[in-house]
Amino acid sequence: MTPLRVSIVAAIAALALLVVIFELIRSRRLQERYALLWLLTGLVIFVLAAWRGLLGWLADLVGIAYPPSALFVLASFFVLVVLLHYSTVISKLSEQNTILAQRLAILEHALRSKEDEEESGASRSRS
Amino acid sequence: MAELVQTVVEPVESQLALRRRIAIVPALNEQETIGRVIDEIRAFDPGFEILVVDDGSTDRTAAVAEARGAHVLALPFNLVIGGAVQTGYQYARDNGFELAVQIDGDGQHNPPEVARLVGPILDGRADMVVGTRFVEGGGYRGTRVRRVGIHLFAALVSLMVRQRVTDTTSGFRAVNRLGIRLFAADYPHDYPEVEATVLLSRHGLKMVEVPVVMRIREEGNSSITTLRSVYYMVKVLLALFVGLFRRYPKILEEE
């Protein structure tokens, strides 16, 4: 069985995580679509910390003798998934960033050549 | 005496002619339908400036729209629907439009029904008018997950805005200048219509629904679509919940 103190500390930590996530979404520093995985992480850890029987059963199922280790393994797993998810998000962002820079450079060039054209047109009409 | 009480009711068309008006048409790979949508809007009222916001299409949507004489904003990559629509509202705001109608580029909305949408805006009863499929006179069939989602959101949003809302996911809507300014400054991301309705009410603007008939769109009914619907549902529920605790900056009081 999980020591009671471990359960209490883990539950409080998970709750704190959930509160922080909520506040980040509320103040618009975190978009809902990037918050879902974090919320899931917080919820799973909270449920397993509070429901000691379930954690014990789960640890037993995968052959972990000390239930708090199972909690630790699961938390690490979720963090890994979140990290991987962010890697894909960063990849997409950097690709879009490249496209934006390319389009901007082409747009600036088009604008400059248009201005040059107008200028030379104007000076020709003056002379 | 009786003949003195005669009220002059101008037809929608002649009242409409007094406003600078724009049709915002978000489109993603709609080369087959976009031309017809543009033609139908123009046939209803040639005074509408038609703005197609091409949300990163890989087909000829932008080319077809340009060939029909529409203004086209081609986004360099897919911003998902909310970002595309907001681009349209920003264009409308920056160019001084007084009335904007949002019509999907996939042809599911009937442009002649714009007449119903703009009515409550023209007589000052609403800042936003939404075409609904569910009040009397409308008709809708769709996949089960979508229907469940639509009714769930209708119940929730009705509670939040203290007004009966039947169709929160309809993208067939019209807004006045206040609505344009609000949505240009703040518009939700994916599945934006639900949140936009609540946002509007939070800023003290008025919304009314009018019945419309939508053409049934061919929809994939694969498990991927179902999974995605569930994901969106959870996401929007989260956004609505957190939104309850949010204080909104007063966007509309400047100026």
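Author: The account below begins with the basis of the model, turns to the sheet and its helices, and ends with the partner chain and the contact.

This is a predicted model, in which local features need pLDDT of at least 70 and side-chain atom pairs count only at pLDDT 80 or more, while totals for chains, interfaces and linings use all residues. Residues are numbered from 1 along each chain as its sequence is written, and chains are lettered from A and ligands numbered from 1 in the order in which they are written. The model scores ipTM 0.80 and pTM 0.87.

Where pLDDT is low, the predicted coordinates should not be read in detail.

The sheet of chain B is open and mixed, with seven strands in the order 3-2-1-4-6-5-7. Strands (E, at least two residues) and helices (H or I, at least four) are DSSP runs numbered from the N terminus, and two strands pair if DSSP finds at least two bridges between them. At the edges stand strand 3 (71-74) and strand 7 (207-211) of chain B, each of which pairs on one side only. From one strand to the next the twist averages 20°. Strand 3 of chain B pairs with strand 2 (residues 49-54) of chain B in the parallel sense, over four bridges. Opposite His71(B), in strand 3 of chain B, stands Leu51(B).

Helix 2 (residues 34-44) of chain B lies across strand 1 (21-27) and strand 2 of chain B, and runs at about 160° to strand 2 of chain B. Axes are lines fitted to C-alpha atoms, for helices over the stretch in contact, and angles run from 0 to 180 degrees between N-to-C directions.

Elsewhere in chain B, the axes of helix 6 (residues 144-161) and helix 8 (residues 192-202) come within 10 Å and cross at roughly 10°. These two helices of chain B are therefore roughly parallel to each other, a term for angles under 35 degrees. Helix 6 of chain B contributes Phe153(B), Val157(B), Met160(B) and Val161(B) to the contact, and helix 8 of chain B contributes Val194(B), Thr197(B), Val198(B) and Ser201(B). Six residues of this contact are nonpolar, two are polar and none is charged. Here Ala, Val, Leu, Ile, Met, Phe, Trp, Tyr, Cys and Pro count as nonpolar, Asp, Glu, Lys and Arg as charged, and the others, Gly among them, as polar.

Chain A has four helices and zero strands. Its mean pLDDT is 93, and 98% of the residues of chain A reach 70 or more. The C-alpha trace of chain A spans about 95 × 30 × 15 Å along its principal axes.

Finally, the contact between the chains takes eleven residues from chain A and ten residues from chain B. On the side of chain B that touches chain A, seven residues are nonpolar, one is polar and two are charged.

Notes:
Contact = placed C-beta atoms within 7 Å. Parallel < 35°, antiparallel > 145°, perpendicular 65-115°, else oblique. pLDDT = per-residue confidence, 0-100.
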